[in-house]
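Me: I would like to learn how to read the features of a model such as this one. Please take them one by one.

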Amino acid sequence: MSKYILAPSLLAADFGILGQQIEKTKKLEVPYLHIDVMDGVFVPSISFGMPVISSIRPITDQFFDVHLMIVDPERYIEEFASIGADGITFHYEATKDPKAVIDLIHKSGAKAGISLKPDTPLEEIYPYLSSVELVLVMSVEPGFGGQKFIEKSYDRIRDLRKYLDEHNLSDVIIEVDGGIGKNNVKDVLKAGATAIVSGSSVFRNKSIEDNVADFYEAFESVK
Ligand code: DX5
Ligand code: ZN
């Protein structure tokens, strides 16, 4: 088993055959499913919400890594946890009280993640890092799949890795989201990421099997 986690983003899946596509990732022992929830306010797009998550919960035990791109996430934390979110990641920019959101996620029985947009200074989330299990570094502007990886994200991942290691927080997962594929995944891992979100590069172009094999090969080569 690799020490790295692949988290396919369902946003790029074919919703007409979502169940079948999830089954494929399950057979390939992909540990996480990344589930992007968008409200049309925090980001321009609207994706999907509770009914979709509830429908797919019975078909797999994979870790549901729910990425909330919604304003005032505290309104919905308990509901997402109750329908089977294993991890809930909210945006630092979307709430007045990040610590309260983290506490609510933990109280609901889920793992807590905090995310930040590419232009939000990294230092702003430092006060919360000892309370979360995961940090989601956005390497594109949240809102759409299929965008280009923002190069300055490498420095942010490196800085975050350094901070975590220096503060006895090395176990906090650094998950990176947006524009990651075969061509740059190794560099993202080398910078210090432990979990990789990928939508287009898992569900588009080649088969899911071939795409996942490319990621696993990259994971093996960076040890
Ligand atoms: C963007 C989402 C991402 C997105 C990634 O707002 O958070 O999870 O689906 O898609 P790709 O891998 O296509 O950039
Ligand atoms: Zn996401």
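**Aromatic pairs**

Reply: The structure holds 7 aromatic pairs. This is a predicted model, in which local features need pLDDT of at least 70, side-chain atom pairs count only at pLDDT 80 or more, and totals for chains, interfaces and linings use all residues. Residues are numbered from 1 along each chain as its sequence is written, chains are lettered from A and ligands numbered from 1 in the order in which they are written, and side-chain values use heavy atoms, with hydrogens and water left out.

Me: How are the rings of Y4 and F219 arranged?

Reply: Rings of Phe, Tyr and Trp (its six-membered ring) pair if their centres lie within 6.5 Å; planes under 30 degrees apart are stacked, over 60 edge-to-face, and the rest tilted. For Y4 and F219 the centres are 5.7 Å apart and the planes stand at 65°, so this pair is edge-to-face. Y4 lies in the segment before β1 (5–8) and F219 in helix α8 (residues 208–221), so the pair ties together parts that are 215 residues apart in sequence. Helices (H or I, at least four residues) and strands (E, at least two) are DSSP runs, numbered from the N terminus. Ring pairs also link Y4, Y216 and F219 into a cluster.

Me: Are Y4 and F219 buried or exposed?

Reply: Buried means under 20% relative accessible area, exposed over 50%, and partly exposed in between (1.4 Å probe, protein chains only). Both Y4 and F219 are buried. F149 and Y154 form a tilted aromatic pair, at 4.9 Å centre to centre with 45° between the planes. F149 has 5% relative accessibility and so counts as buried; Y154, at 12%, is buried.

Me: Which residues coordinate the zinc ion (ligand 2)?

Reply: Donors are N, O and S atoms within 2.8 Å of the metal (3.2 Å for Na, K and Ca); water is not among the atoms, so sites may look incomplete. Here the zinc ion (ligand 2) is coordinated by H34 (NE2), D36 (OD), H67 (ND1) and D177 (OD), at 2.1 to 2.3 Å. Along the chain these donors follow the spacing H-x1-D-x30-H-x109-D. H34 in strand β2 (residues 32–38) and H67 in strand β3 (residues 63–69) are 33 residues apart, a pair that links distant parts of the chain. H34 is buried at 0% relative accessibility, and H67 is buried with a relative accessible area of 0%.

Me: What is the geometry of the site of the zinc ion (ligand 2)?

Reply: Six donors count as octahedral if opposite donors are over 155 degrees apart and all others between 65 and 115. The zinc ion (ligand 2) has 6 donor atoms with angles of 69 to 169° among them, and its site is octahedral.

Me: What is the volume of the largest pocket, and what lines that pocket?

Reply: Rolling a probe the size of a water molecule over the atoms shows where empty space is left. On a 1 Å grid over the protein atoms alone, a pocket is an open set of points where a 1.4 Å probe fits, with protein on both sides within 12 Å along at least five of seven lines; lining residues have an atom within 4 Å of a point. The largest pocket has a volume of about 310 Å³, where volume is the space filled by probe spheres set on the points. Its lining has 24 residues, and F144, G145, G146, G199 and S200 lie nearest the centre. β2, β8 (195–198) and α7 (200–203) each supply at least two residues of this lining.

Note on methods:
Tetrahedral: all angles 85-135°; square planar, octahedral: opposite > 155°, others 65-115°.
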